[in-house]
Amino acid sequence: MHTSKLVKIFFCGYLLAIMAVTLLPGHFNFEFVGGADTFRYNIIPFHGEMRTIFASSYDIFSFIGNALMLAPMGILVPILFDKLNAWKSIFFMGLGIALFIEMMQLVLCVVVSPGYRYPDVDDVILNTLSALIGYWVYRRVKLMN
């Protein structure tokens, strides 16, 4: 199988995994978030997840996950799409995907259950930075070759 086709298959699987991890229910501790009936969100930057990063192992895992979640996108998109090989393209793509995920989590909180997911502007910031980190890695590797 051609390498480009493998990268495209991996990219599609990666996008499906991102949607599954961020939108489907998982092992979620409702007591930590405030209860299954509590609607929570954070629209103040650096007030939610980033402020409590070391409060629990869940916070650390969540922080690292959000800080790395879109890094593969920052690597794969410039490989697959020549026209998107610029930091601004990756920035806006990462921002758009992060906003989409958080808006969907907000909708799921309203439609499914208030404790289903926890929309947080800090996630948008971390995910967007994650995409840029991935792009930085891509550029460093490309410069080495």
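These entries go from the whole chain to two single residues.

**Entry 1: the chain as a whole.** I started by noting that this is a predicted model. I then counted elements and found six helices and zero strands in the protein chain. Read from the N terminus, the order is α-α-α-α-α-α.

**Entry 2: burial and surface.** I looked up how much of the chain is tucked away: 34% of the 145 residues count as buried. The protein chain exposes about 9000 Å², and carbon and sulfur atoms supply 72% of that area.

**Entry 3: contacts along the sequence.** I took the contacts between residues at least 6 apart in sequence and checked their reach. Of these, 78% join residues at least 24 apart.

**Entry 4: L80.** Where does L80 sit? I found L80 in helix 4, which covers residues 71-80. Its relative accessibility is 18%, so L80 counts as buried, the cut-off being under 20%. Leaving out residues up to four places away in sequence, L80 touches S4, V7, K8 and F11. I also looked at L80 and V7 as a pair: they are 73 residues apart in sequence, yet their C-alpha atoms are 7.7 Å apart in space.

**Entry 5: N127.** Is N127 buried or exposed? N127 counts as buried because its relative accessibility is 0%. I placed N127 in helix 6, residues 121-144. With residues up to four places away in sequence set aside, I listed what N127 touches: N66, M69, L70 and A98.

Methods. Residues are numbered from 1 along each chain as its sequence is written. This is a predicted model: local features need pLDDT of at least 70, side-chain atom pairs count only at pLDDT 80 or more; totals for chains, interfaces and linings use all residues. Side-chain values use heavy atoms; hydrogens and water are left out. Helices (H or I, at least four residues) and strands (E, at least two) are DSSP runs, numbered from the N terminus. Buried means under 20% relative accessible area, exposed over 50%, partly exposed in between (1.4 Å probe, protein chains only). Contact means heavy atoms within 4.5 Å. Accessible areas come from the Shrake-Rupley method with a 1.4 Å probe; for residues, only the protein chains shown count as cover.
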